[in-house]
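Reader: I have not worked with this one before. Could you put it up and take me through a few places?

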Amino acid sequence: MKPLFYTLSIGLAVIAFFSCKKDHSNPTPLSSIKSIDSFSVKKADGTSFNLSDILVTITAGDTILVTLPPYTDLTKLTPVITFKGLSVSPASGVTLDLSSPVGFTVAAAAGSKLTYTVIVKTRGAVYFGTNDNRFFAVDAGTGSLVWKDSLAGEFQYCVPQLVNGVIYAASTSGIVYGLDPASGAVKWQFQAGGVVATTPAIVNGTVYFGSDDHTFYAVDLATASLKWKFPSGGPTDSGPSVVNGIVYFAGGDENMYALDAGTGSVKWKFNLNGPVAMAAPLVTNGVVYIGSRSDSLYALDAATGSLKWSARTDGFTLELSSPTINNGVIYIGAESGSLFAFDAATGVQQWKSLTFQSVYDQPFVYNNTVYVTADDGTLDAVNAQTGALEWHNSAIYANGAGAIVANGTLYVGGGGSRYFYAFDPATGNSKWKFSTGNALVLSFRPLYIGAN
C-alpha cells in the first residue's frame, strides 16, 4: 500500500502546484479611462481666486471655458487639475501663458489620449460715477468691485467714454479726468473755470465741453492745454457733438451753436426759444436734432442751421433728454411728460408712451425695444414700433440714469435705490446688483468695456 499512497501523494502535489501557478496567457487589460474632472487656475502670485470670480464650464466637445475678473494677467496662471488617467500634460501646478487656447492632453494607462482645449478669458467691466465724489469699475459678469476712486466733484451728469485706452469723465468740480481702466489711476486732467455737468466729446485729439462759467472749451488731448474757448452766453451743460469738423452744442443763452472745431469761430446759431439743460444734440445724415424747454423738438440743417421742421410735445420740456435715432425714428423723453417717437424726416409723431412719467435720460434702442428710466421709479422696456409697454421693473429709482445693453446684458444705475443693476434685457429679471453706498445719483449712462 505504501508505494500506491506515495504515488498518489506525488500526483496530488503536482496538480496543486500547477493549479496555483499564475496564468500569464490572459493578463488583466490596462485602463482606457482618461478625463479631466475639474479645472481651475491660480493667480500669478500663487493665490487663489474667490469662488465667485472664476467661472468654469467643461463642454461635451472637450472644451474648457474659463472666465476671470477684468484685467487678470492671463500670461502667468497656474492650472489646478483633477483628472482620471495615467497623466496630464501640461501638468497641474505648472505656471503657463493661457492668453491663447492651450491643449491639455490626458493619457490613459492603456496608451490612448484625449486632448481638451482650454480657453481662458477675462470678463468685461462697467464704469460709472456717482454724486458722492466716487467713480467705480464693476465686473460686468458678476457685479463684483474691480476698483473705486475718490475724486473731486460729482459725476452724475456725465457719460464716461473710452478713447485710446483712457476713460474720460467730467465732474462738477470743473475737472475733466482721464482714468486708467484697469486701476482707476488718474492719467490726464484739465481744470475748467466752473462746474462741468456734461459729457465731453473727444475727436481728433481734442476734448470739447461746456461749463457753468459760460464758456465752451477745446482742450488738446496730448498736452491737456487749452486750444481755444468760446463765450457761450450762459451755463453750458449740453453735451457737444462733433461731425465733419464742426462742433455742435446748445448754449445757456437758448441758442444752438455750430462752431469750427479747429478755431472756435461761429458757423451758425439758431434760437431754440428756451434753454437746454443737459440734452446733447444728435447729428446724423446732415441734420441736427435737439429739444429745449420750449416743448419742441427741432430738426436743423447741419450745414446752415436752417429749420427743417419742429414738433411739439404737449407742453413738456425736452431740455434734459438727448434724442436717439433708430430706423428713421427719433426717440426722446420729456420732463413731467412722456416718451415720444417722431418720424426723423418729417417730424410727425409716431406714438407717445409712458404718459406723465418724467424721462430724463437718453432712450436706448436694442432689438426693437426702447429702454428708458422714469422718475416714478421704474425701468421701462417699450416696443420701438408701437410704444406698447413690454415690461417694467420697479426695483430702481433712476434719477436720470440711463440704460445700455452690452454683451446681452442691460446695465443701469438705480439712483435712489443706492444700487447699480444688471438685468436681462428680454425680461427685466435681475442678474445682479452692486451697492453704491450712499450715492443717490449715478452717471447718465455707464460705460461698458468688453473682455479681452
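Reader: Is Arg123 buried or exposed?
Author: Arg123 counts as buried because its relative accessibility is 9%, where buried means under 20% relative accessible area, exposed over 50% and partly exposed in between, with a 1.4 Å probe and protein chains only. This is a predicted model, in which local features need pLDDT of at least 70, side-chain atom pairs count only at pLDDT 80 or more, and totals for chains, interfaces and linings use all residues. Residues are numbered from 1 along each chain as its sequence is written, and side-chain values use heavy atoms, with hydrogens and water left out.

Reader: And what does the side chain of Arg123 reach?
Author: The side chain of Arg123 reaches the backbone oxygen of Thr67 at 3.1 Å.

Reader: Switching to salt bridges, how many are there?
Author: The count comes to eight salt bridges, each being a side-chain nitrogen of Lys or Arg within 4 Å of a carboxyl oxygen of Asp or Glu. One of them joins the side chains of Arg293 and Glu319, at 2.8 Å from N to O.

Reader: Which of those two is buried, and which is partly exposed?
Author: Glu319 counts as buried, at 8% relative accessibility, whereas Arg293 is partly exposed, with a relative accessible area of 49%.

Methods:
Polar contact = N/O pair within 3.5 Å; in protein donor to acceptor, adjacent residues only side chain to side chain.
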